[in-house]
Amino acid sequence: MVKTVEWLSDQPGRFFPGRLKLIDQTRLPTEVLFLELRTVESVWHAIKILQVRGAPAIGVAAAMGVIVGIQESRARTPDAIRTAVRAAADRLATSRPTAVNLFWALDRMKQAARADLPATDLAEHLAAEAVRIGMEDTAMCRAIGEHGATLLAGVHSVLTHCNAGSLATSWYGTALAPLYVALEKGQVIQVYADETRPLLQGARLTAWELSQAGIPVTVICDNMAAVVMRQKKIGAVLVGADRIAANGDTANKIGTYGVALLAAAHRIPFYVLAPSSTFDFTLASGDSIPIEERDPREVTHGLGKQTVPEGVKVFNPAFDVTPAALITAIVCEKGIARPDYRTSLKTLLSPR
Ligand code: MRU
């Protein structure tokens, strides 16, 4: 697996200053190209156009983008550093609206900026916090993999939608993490990956990273999921999440809701896997999750040529909300929650 998001320090023994290194996911699967970013605008753009994408990876990249902002501002006093943190966070918060991990990570950086430290120490403290957010994400994903793998005993094939793998996090992924853990234990699970129109994260990214890891993967067009569920002995559907409301309603890549309905119709367990940074208990239900709408050209010109007549209207929501009633279990780093999610999620996620 390649590193999706990484902080590279310019000085040995220190985190600050440095630069944000990303694998450019718009170039996969045909080119493996890395970017090194040193401006807030370039980080904003990378998130906006999905050079870095996937809820946890967006959060980690944004936290590191704040450090880039401090460097760019050339702030020399604690107050000037705090102003730079606020400015970078405010800008990065406008990049994409649905994944709550973005806002969660930016809030953490703003909290860390309150530390009463001299300028050099404050900058170093903030850079360390951004790196820590990435390391914690890796640990959470690993734990999700361990918990998730317990749901896959005796399962030979699963279906997934979009990419909720290592490329969407700092390591391991969420929905794909149990497959990596199972592989380490000698259990090879066949994956059916929905292509995931319009931006093909399943075909381009999930298929790429699973092949790299030696996990057998078969790409299907989104409209083939029903037949695959009927014919291919799918033992579970595994998906990630961009935001989970207090009642368990889950926003994830557009098409997830349809997959959940199909899984229910075929009596296949439908599992959502996400770190605690993806939960938004300020929202009672999925009705208030903001859903990003993207450029119609992703639909009309997505496959390298125009596929829709000129002037025809397009609806292009990037996410949908799967009602909690269709979700068999929600897996996070702390364990596995089952319905009723209003109580089980609160119990699982409350500090012990
Ligand atoms: O638009 P994207 O590619 O950022 O959408 C990503 C997804 O919907 C993922 O399933 C989700 O962020 C979970 S990633 C662990």
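A salt bridge here is a side-chain nitrogen of Lys or Arg within 4 Å of a carboxyl oxygen of Asp or Glu. I kept in mind that side chains of opposite charge can pair when their charged atoms come close.

**Ground rules.** I'm working on a predicted model, where local features need pLDDT of at least 70, side-chain atom pairs count only at pLDDT 80 or more, and totals for chains, interfaces and linings use all residues. Residues are numbered from 1 along each chain as its sequence is written, and side-chain values use heavy atoms, with hydrogens and water left out.

**Count.** I got 18 salt bridges by this rule.

**A network.** I looked up Asp10 and found that Asp10, Arg19, Glu36 and Arg38 are linked by salt bridges into a network.

**Glu129 and Arg108.** Their side chains form a salt bridge, 2.9 Å from N to O. Glu129 sits in helix α5 (residues 119-149) and Arg108 in helix α4 (residues 100-112), so I noted a link between distant parts of the chain, 21 residues apart. Helices are DSSP runs of H or I, at least four residues, numbered from the N terminus. Glu129 is buried, at 9% relative accessibility (buried means under 20% relative accessible area, exposed over 50%, with a 1.4 Å probe and protein chains only).

**Arg142 and Glu184.** I found another salt bridge here, 2.9 Å from N to O. Arg142 is in helix α5 and Glu184 in helix α6 (residues 177-184), so this pair ties together parts 42 residues apart in sequence. Glu184 is exposed, at 52% relative accessible area.

**Glu298 and Arg294.** Buried or exposed, I wondered about Glu298? Glu298 is buried, with 13% relative accessible area, and Arg294 counts as buried at 15%. Their side chains meet in a salt bridge of 2.8 Å, N to O.

Key:
Helices (H or I, at least four residues) and strands (E, at least two) are DSSP runs, numbered from the N terminus.
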